[in-house]
Each structure stands twice: as C-alpha cells, then as structure tokens.
Amino acid sequence: MKSLNFQSVVSQFFEYESTVVVRWPLPFIIIPPLLTVSIVTLTVTNFHLNVTNDTLQVFLPDDMRSLRDLKELLDMFPPKDAQRDTYSIFGSKFVYTVIEDENPEGNILSSSGIQRMARLHKFVMGLETRQGDNVAMNCLRNRDDEACTMHPIAFALEDSTPEFAIQFLLRYPNLKFGDFVVDNAMVFGGVKIEPKSHDKEGNSPIRSSKAVRMTYIFEASESTERWIDLFLTAIPRYKESNSTILWSSSKSLAKEMERNGELLIPWMPWTSLVLVVFCMFACSSFQVVKSQPFIGFFAMFNATMATIASTSLLIYLQYPFLPLVFIMPFLVVSIGTDNMFLMLKSWRMTKKSSNEEQRYIYALTESAASLFLTSLTDGLSFAIGSISDFHAVRVFCTYCAMAILFMFIFQVTFFNAVMSLCCRREVSGRHPVFCCYDTAPSNETKIMKQHSDPSFDFASIVAKYLFKILNPWPSRIGVFCIFIVYLFTAIHYAIGLPLGLDLKLLAPDDSYVSKELEAQERLFADYGGFCFALVRAENISIRDPMVRRDLMRLYHDLGGSEYSSPAEFWLEPFEKSRRGKKYSESDFSDELHTFLAKEPHLKFRNDIRFTMTGKIEAIKMMFRVRRLGKDNDAPRAEYMRRIMETSGFSGFVYDTSFLLVDQQMTTVYNVIIDVVSAILTMLSICVLMVPRPVSAMCIAFAILSVNIGVIGALAATNTRLDIISMITIVMSVGFSVDYVTHTTFHFVIQRDNRLEKCLLVMTEPILQSALSTAIGVSLLSFVHSYIVRTFVNTVFFVVGLGILHGLIFLPVLLDTIVPDSEYMVAYEPHQDEEESHYEDTYGL
C-alpha cells in the first residue's frame, strides 16, 4: 500500500504528468520553444526597459527613518541653492575634478602646481559638444545676469597670473571678508596649515595642499546631459605631469554600476560553451549505447530557454530592471544542470523491464518529485527575497524566482519529452550521436566492457571509500570534532562581518568612481559637506528670547563634537544685536523680514518655512560634517540624533550618510528575518517531503550550519553585510537545501546498510551538480567587480559546504542518531510486489 504523505501525492501527480509526456512527447517538444519565441517577439515589438535613475535608493529599503526625514526636509525646504541645499545632491547636475600632486610631500599650490590646475580648469571650460553645449551655457546661476555659480578659485585660475590671484584665497577651512564667507573646506585636500596662526573663528593660512577639487554645478537640461557625457568621454584622456587626475559626475555612479552588468555579457557565451561541453561529457559513458550527450546539451538549452522566456516576460510587463539581473542566468543555468544530473541518475538506476514505457514513466516520476523539491526550495528562497524592503533585492530575486518557475515547467514538459526520446534511443541500441545507426556491441573493446562495470565507476569508488572511512566509531568522533572546529570558526568570523554598504564597491574594481571616492576619504576627510537639522516650530514662539537661547544652545551642541561643526544658522547673526529682546508677534515678523531682505542674509530665506498666515512653521540649521569615512558615520548619526531627541524640540537631523547608517541596521534586520523565514519555509517543505521528526531536525540543523559557514566564509574574504551579500545569503539557503534534503531522503528510504546505500546513491549527483555549478560561475572569477565576486564566492562556498555536509557531516549525523524505526517507503508507480523498479547497481 502506498504511503499517504506529501511526497507520495507529488509523485503521484508527476506519474500522471510523465505518462502523458512519454506517450505524446512531440507537443511538449514543440510548445515550450514556441511559447518562448512568442514572449520574446511580444517583448521586442514593444520593448521598454524600466530602469530607475535613482542610483542610491535602489540599494536602500523603501521606508526607513532617514528617508522619511529626507522627504520631509525636501517638502519643507525645497532646494533652491545647489551649494547650500546639498541634501538633494543626488538630484543635482554636477561634475568635479580633483588634481593631486603625485609626490609624497607634494604641494599642488606651488607655482607649477597652480599652472597645472589652471590648464585643467581651462580644459573643462573649453569642452564643447557638436551642438555647442559648454559650461558657460549650462552652469547654474543664482540670477540670469550673474556669472556661473563657482568657487572663487575658478575665476582666479582664469587670470593671466593665477599664482598671484590664488594667494588671496589660501585660508582653511573658510576665508572671511567681512560678512562674505568663502568655503574652502571642499576645495583643498590634504591640507597643512600654519600653526598658531588661526583667527578667532578657527581659520588658518594654508601652508600646502596635496590636492584641489573643482566643482561645476549645472542646470538640469538635455544640454547639460550631453555636455556631461562629453566630459566623461574626454577627461580620461587628459594627462598632467606629476599629477593624478580624478573626476566624477552626477551620473557617474549609475553608469559605472551598469558596467557591472556589461562586464558579464562577454562571459555568457563562453560559460555556456564550457557548460555544454562539460554536461555532454558528464552524460557520456564508456559504453557507447549508454552515452547521453544530447541530454547534457538539451539541459543547457532548457535552462537558457527558461531564462530568456522569464526575463522577456518581466520586461514586457514593465517590471523594473537592474544591471544586477545579468548575474541571474549564470545561477539559473547552474540549477538546471544540477536537475539534469538527478534525472539521469534516476534513469540509470532503473533496471531493464519488459514494459519499457513504464520504465520511462518510473524514472521521470522519481526525478520529477526531486526536481519539484529542488525548484520549490530554490524558488521559494528567491520568492522570499522578492518581497524584501530593498528595491535591488526585490528586483533580482523576482527575476530569479520567475526563471526557476519557467525552468521547472519546461523541465517537466520539454526536457522530459527530450529525455524520453533519448532513453528510447538507448533502449533500441542506437548510436548516441548518429541516431539512425545501430551500435554493434561486438565492436566494443574489453576495456569499455570493463569500465562499464559499476565497480569502476569513479563516484561509486569515492562513495565506498567514504563509507569505509566514516563508518567506524573513531572516525565519527573525528568528524564530530572537525565539525565543532568548523562551526566555531564560522561563528567567529560571522560575528566580525563588517556592516553597511560601501559606495566604492558598487562600481567595478578599476572604476574612476571608486578611485575618486577613495581619494575623498583620504584627502578630504577632515571636512565634508553639510548636514542639516530641522526644528518644527508649530508649538514654540521664536519671538520669546528664552526659546531663541535654547535654539542657539541646540545649534552649538549639535555642532560641538568631533563629527560636526557649526556652519550656518540664521538665528546666530539675527541675535548679535537682538539678544534677549522680547517682541510682540507683529514686531518680530517685521524685524525678521527686514533682516532677511538685506545682504548677506538673503541666503537665509530658504532656511525658514512660513505658513500661509505668516507664522514660522519650521526652521533649518546647517552644520559642517567632520571626519568623513564609513567608520565615523554611525557615531555621528548616534550623537546628533541623541542631542536632538533630548533637546525638547520637535525635529530631526539629516545627513546623506545617515541613509547608509540606517541601511546598515535595516540590512541586518532584513537578513535575519529573510534567513529565518527562508529556513523555516524550507524546513516546512522538507518536513512535508520527509515527514520524520529526527530526520527533519537533522535537515534543519544542516541548513543552518551551511548558512553559518557561508556567512563566516564571506566575512573571512572581507565581504561586507550589505544588500549584495544579503541576496547571496538568501540564495544560499535555497541552494543548501538541495544537498541536505536529497541525502536525508535517500537515507530514510533504506532499510539496511543505510549509510553505504545513501552514499552510493548520492555521491555521483552531488559531485556532478557541484562541479557543474562551480564551472557555471568559475569564469566569472575573472570579472573585476565586488558585486560579481561576492556572487562567485557565495556559490563556491555553498558548493564546498554543501558537499561537506551532504557527503560527510549529515550522513554521519543521520546514521548516528536516526533510529532504524524511522523509515519511509518511497513512492513507486504501479509497484509490483515481486519486482522492484530499482536496479541493484552496486550489489547491495
């Protein structure tokens, strides 16, 4: 009597499905390719790639504290001054160049260095597109009749004697002329100042500077986009003696991130070719008639067809697309070849029968149930990622989940039909390549006959040696000790996994963006851009001198740490002559508007938000970021937010780096939630397929162990816990299930010699699938990209740890703690009590 469990229900369904495919294979061979061609045709005729231009936000969760603060800041204080309102820098159009003196103690402010600076500036100003677009036409101006909004050093460099003109600007971090302030902190890098020569506000003469950064800000227009494209094409060819030229622009990070995908495209045909050759070779045998090279070829064809169909469908449905998706085909093709090896193993384990059609059905039914488990676990792991809070994770996992769905559908239809024809060819004794010709057994050499014996099969030899090594109790104790050392080492490294997204790693290794970001941290770390505090003023009266005093105290507290310093706050100059003065509501309004109407206070008009009735709704404070670098971002956010929360005022502090800080915490939370959800989901599926308590516990423990090992290995290779590794960790959950569940299933269905039989059955498909997966991504190790490298490392770690658990740790654990009474009857279609469909391949 057939056991009533989920595995038997699934197997029974696929028995009926396989029966239809085996009896009428032609429609199943024709329909899937026609469906793929139809989807591709629809997509090509209405092609539109839904690519987001929001470079940073695709790597951020949809809703987090700093994003909410940014939206409120933009709503309350829409950016009007590109230099002061830098919270919207990702929406501005800009380019900048950095010229660094190459000498270790070099000074770019020497006479020759200033000449090099002047030539670079004139080169940028002289760039002009065929349409006549140049800097002068597109630069940002405060008013139409004014010059371009640029740092005074730019105008000094246009002088006939720039060495002389620049000398008047050399103070750091600011140069003050009465009420006029020149911000030099973002211009001069690697600065050495004259000691004991600073003024009362902390500004000192510059003795030397290693580098100078020139920023050019533009109006948003098509003309500007064309000019920036020209700049990015021309600037790499610009050279200066004894100088390093670095550059970036508002579109550079997005363009360089896209290049990660472009770097993968040339490797796709080579990877496909290598995998085709490997699969065809792995499916071949010393016995000509048993060789199945076409099964290896069509496994690759099936996976490629599924990838094309799924990607085309999502693009046709206008689903978002990211360059990250180019990694997906390598993963899907690897999964497809793994499934093929399971199917071929199932066929070769069935014995010859008088009813050959029933033999096909049995082999395909047994493999289809295994494929269902593999595809379900892999697909669900990506499906969990497809509902992530992170846009990039959501997009990538959706493409992967859809590809796995298509591949499974094509596998149990198209590939099953192809395989049934290949198996018919084998049974009829025809040649594996030239199917019209019969093979002559008498022509086979003695060597081929000798190698056709299972005892000469490499995988069975490995399995038998593994059994001899693992079976004695001293060996099991040794395996247990090795496992404890492995687990302790993995946890040790996993705890030290660095957190957070590093923007330098989003671009390829040789990217000019990565070099420029590294130079920012190295040369311009002392002073960064502005950060902002917003104070809501609905429930306070700023005409009250005590409130103004508390606001000034808050301003100095927020800017009084090593992580930030005061920059600009309209209340500071306002209070100079009005400290302690109490106003009536109308008098205060008149006084404030008079103050804002005169230079140099006109700039503060965008720092106060008025209601329709003229009352102050919110005010803005500006601070200078100090000590740039990812190690200081979290302490800065913690300090400034704590000061704001304990101030008694309603409001928040915002800096662009806070996006990355919040992303770190959200990433950790999401990784934990996604991994736990994936493991619980995988365990639920495994319990349905293997409904035995101790065995299910072993599966759960093995899955958790593999993933701890993967995280520890990623940490040991200096991989950060960011959304890239988050995708790969979620992916590893699904991949790890493939190894441990099949091993457990084939263990519990054995009545005696369980360890030996399990190893003999599983060694070959595990080694073949691991090798095909490794080959599928191995060529990508030559791609110089952190994103690609993280995927490659993860796949190799999953494969290595999967083999370790699937063939050593888990079989020993199962044979040690699973009682003999915990047995499961495998489903067999039309099982005959007098005849087993399995061939006793190994004489057990």
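Gln 318 lies in the loop between α11 (293–316) and α12 (328–349). Helices here are DSSP runs of H or I with at least four residues, strands are runs of E with at least two, and both are numbered from the N terminus. This is a predicted model, in which local features need pLDDT of at least 70 and side-chain atom pairs count only at pLDDT 80 or more, while totals for chains, interfaces and linings use all residues. Residues are numbered from 1 along each chain as its sequence is written, and side-chain values use heavy atoms, leaving out hydrogens and water.

What is phi of Gln 318 near? The value is near 65°, which is positive in a residue other than glycine. Most residues other than glycine have a negative phi, and most peptide bonds are trans. Gln 318 has 31% relative accessibility and counts as partly exposed. Buried means under 20% relative accessible area, exposed means over 50%, and partly exposed is in between (1.4 Å probe, protein chains only).

You can find Asn 242 in the loop between α8 (222–234) and β7 (243–249). With a relative accessible area of 46%, Asn 242 is partly exposed.

Now look at Arg 116, in helix α4 (residues 111–126). Is Arg 116 buried or exposed? Because its relative accessible area is 5%, Arg 116 is buried. Leaving aside residues up to four places away in sequence, Arg 116 touches several others, including Asp 101, Tyr 238, Glu 240 and Asn 242. A contact means heavy atoms within 4.5 Å.

## A cis peptide bond

Tyr 172 and Pro 173 are joined by a cis peptide bond, with omega about 5°. To locate Pro 173, look in the loop between β2 (171–172) and β3 (174–177).

## Aromatic rings and charges

The structure holds 30 aromatic pairs. Rings of Phe, Tyr and Trp (its six-membered ring) pair if their centres lie within 6.5 Å; planes under 30 degrees apart count as stacked, over 60 as edge-to-face and the rest as tilted. One of the pairs is Phe 396 with Phe 791, which is tilted, at 5.3 Å centre to centre and 50° between the planes. This pair links distant parts of the chain: Phe 396 is in helix α14 (residues 391–427), Phe 791 is in helix α27 (residues 786–817), and they are 395 residues apart. Phe 396 and Phe 791 are both buried. Elsewhere, ring pairs link residues into a cluster, among them Tyr 555, Trp 570, Tyr 583 and Phe 623.

Charges meet rings here too. A charge sits over a ring if NZ of Lys or CZ of Arg is within 6 Å of the ring centre and within 35 degrees of the ring normal. Arg 213 lies over the face of Phe 524, 4.1 Å from the ring centre. Likewise, the charged end of Arg 476 sits over the ring of Trp 473, at 5.5 Å from its centre.

## The whole protein

Stepping back, the protein has 27 helices and twelve strands. Its C-alpha trace spans about 105 × 55 × 50 Å along the principal axes. Of the 844 residues, 55% are buried. Among contacts with a separation of 6 or more, 79% are between residues 24 or more positions apart.
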